[in-house]
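Reader: Could you take me through one part of this model up close? I'd like a single connected walk, with the cut-offs spelled out as you go.

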Amino acid sequence: MNLDQDQPANPVPTPAIAPAPAGGADLVLPDDTLALVPVRNLVMFPGMILPVTIGRGLSVAAAQYAVKHERPIGLILQRDPAEDTPTPEGLYGIGTVARILRYVTTPDGAHHIVCQGEERYRVREFRRDLPFLAARVERLREDSESAQEMEAQLLQLRERAIEALELLPQAPPEMIQAVRGFTAPGGLADLVTGFMDLPPPEKQAVLEMTSVPARVEHVLGLLAHRIEVLKLSRDIEQRTKATMDERQREYVLREQLRQIRKELGEGEDGKEEFASLAAAIERAGMPEEVAAAAKKELRRLERMPESSAEYSMVRTYLDWLIELPWAEPAATPIDIAAARRILDEDHFGLAKVKRRIIEFLAVRKLNPAGHGPLLCFVGPPGVGKTSLGQSIARALGRRFVRVALGGVHDEAEIRGHRRTYVGALPGNVIQSLRRAGARDCVMMLDEIDKLGASVHHGDPSSALLEVLDPEQNKAFRDNYLGVTFDLSRVLFITTANVLDTIPGPLRDRMEIIQLPGYTEDEKLEIATRYLLRRQREANGLTPEQAEVTPAAVRAIIRDYTREAGVRSLEREIGAVLRHVAARVAEGESTSARIDAGDLAPILGPARFEAEVALRAALPGVATGLAWTPAGGDILFVEASRTPGSGKLILTGQLGEVMKESAQAALTLVKSRAAALGVDADFDHADVHIHVPAGAIPKDGPSAGVAMFIALVSLMTGRTIRADAAMTGEISLRGLVLPVGGIKEKVLAAARAGIGTVLLPARNRKDLVDVPEAARAGLRIEWLETVDDAITQALAG
């Protein structure tokens, strides 16, 4: 406890109360008047004995008067501890009457008194005619209660006080005995409050409580809070002690291990390990800045004990720096002929894509230091985007590494985490370079269109701007490494299914190469050249043990798959070969030949059938062509008419654009009813347009022609040609407007067995992108107006 309660903070020559007139030395105060000693951070309760250091002139005069005349003094708390000359307004109204037991003056001029509190008092009137601070006071009596209530309060307060004392680490036993010896609840409340670690204003509040029940209740509340704090402190101390004991044990064991290693001659204090790290830093070929940072961390590591939590963090950081490919890679010549051969070996078709890749490699060969475009392969799943990147790596003689970006929503996945976080690691780019072990690897950023973003974790697509920009990635800074790394020698290739979800600034840095879906003949060639061989090897079969005929492969393509790529085709071929493997392994046969007729017992009934012919055989059913992220697809537009009030009913989870197309188609039919020979009462009939399947949301601007033809077929009773499919938007003037995704839609028509495709005339230029094999099996009809669509689509 700080006993220097009355020393002045800044000595002042002029007191706040005027000096007394001459002759005050023989002054005798009345019984109701006390000499007052203001104190700063001390509240004395009746029954307590405390030392007080006094230094102000008025306080010294009051104490000397009380000693000389054997009178008590009044200790009273200041409201502002910083005030050196308190006025009556700066003092509380209630204090403690105290008797001076001892008065001591030290050689340095300080005055000390030892006081014992006697009772409470209230100031009635301050005296301003004396050489010290004094006041007329009223001595306060405590409000008592019944004997039973006093005994109950005393028992409860005593139990709580003893509980608090037992929680203290060095509580004197005499204090516990004193608490047990108290018989008055008010006095025990004063004792407990006096020795509790409370701010002076809170103690003063207890002092001003003359009602014993209220005082005891208040002190019980303070004790309850203090007991909870003490329990928490004890728990923390016990946990800390347990941790320290464990560390001490670990230290002893490590010291014993060090001595054992020393006796065995296995090195001293890890010097060999530090030497090997230093040598590894020299061999890594780091830039000067990076080498300086690594050596600095190594010096820190040498000064750390192995038991330190930071030791493993620094060691892991050094391992990352050492294992990254810092050295300048050796130049490798590019053989264009070999690259062309590798592409042809790995991929069938894709002539336009291969030509662009060869051009890309040729520019790299002629200008190795140049910054060529960043290639982005865009297409539906299973068309060979990732394998094209692997083929490019083979052609360049470089290592290939793939970074999956699908679902990444944290910027730290690209830039890395700061080392201050537990479990921090570099970003995916640096991790992939470590796996590749070369600075000039081919790094494929897969599914770049599926990057996410988070309000709390940043935008990874923005972080990729620095990675993919050749002007910035020379000095790419990963948050974990804290040093720059040159990414300019890395050949980045990206893949995506759709372009719409790629942010504009990121898409602007890439050259888009579209990969269309495959035709039936192309899938047959791919299966024959690649998929059958790969699945035979995966299932442990030889060509002699398992033969799948071309007819069987074509049947799988037509009846069991309907996709732009070949993933489902490979899965179905794998299922067929697993069936053969089971028969060979069980000894039923040594070989098997699978033809088209053998597929049903293995794969089940055909999953896809000639749905076009079934649906288009009725009036009001048209076949449309749609674009999806997985490639093109066909959809059916069904129209029906029922008695009603002239409403247009739309079902099939149609989006707003398709709903507007349906409304435009109906309006166009109504406006041309006479020319079409339609004699229908539209005001007393409801028109219902449905687009299966109802569980799949649909939207887009290319269904107008199909909806118009379906309505015309319904109103005129003429059926639509079973082998015709169409796409295009319409205007209210009857024009057929161009749409996108022509290549994917035409390929979908070829896969579905469509014979005639009706396309907007203004899409003629897009037919160049359609593979020749797909165009050869289709009859393309061009539509300028809806009249052309009626002529080409309706039968009879």
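Author: Let's start at Arg56, whose side chain makes a polar contact with the side chain of Gln78 at 2.6 Å. A polar contact here is a pair of N or O atoms within 3.5 Å; within protein, one must be able to donate a hydrogen and the other to accept it, and residues adjacent in sequence count only if both atoms are side-chain atoms. Bear in mind that this is a predicted model, where local features need pLDDT of at least 70 and side-chain atom pairs count only at pLDDT 80 or more, while totals for chains, interfaces and linings use all residues. Residues are numbered from 1 along each chain as its sequence is written, and side-chain values use heavy atoms, with hydrogens and water left out.

Arg56 sits in the loop between strand S2 (49–54) and helix H1 (57–68); helices (H or I, at least four residues) and strands (E, at least two) are DSSP runs, numbered from the N terminus. Arg56 counts as buried because its relative accessibility is 8% (buried is under 20% relative accessible area, exposed over 50%, partly exposed in between, with a 1.4 Å probe and protein chains only).

Now for the strands. S3 (residues 73–77) runs antiparallel to S4 (residues 94–105) over 3 bridges, with Ile73 opposite Ala98; strands pair if DSSP finds at least two bridges between them. S4 also pairs with S5 (residues 111–127), again antiparallel, over 11 bridges, and there Val104 faces His112. In the S4–S5 hairpin, 5 residues lie between the strands, and Gly109 takes a positive phi near 90 degrees.
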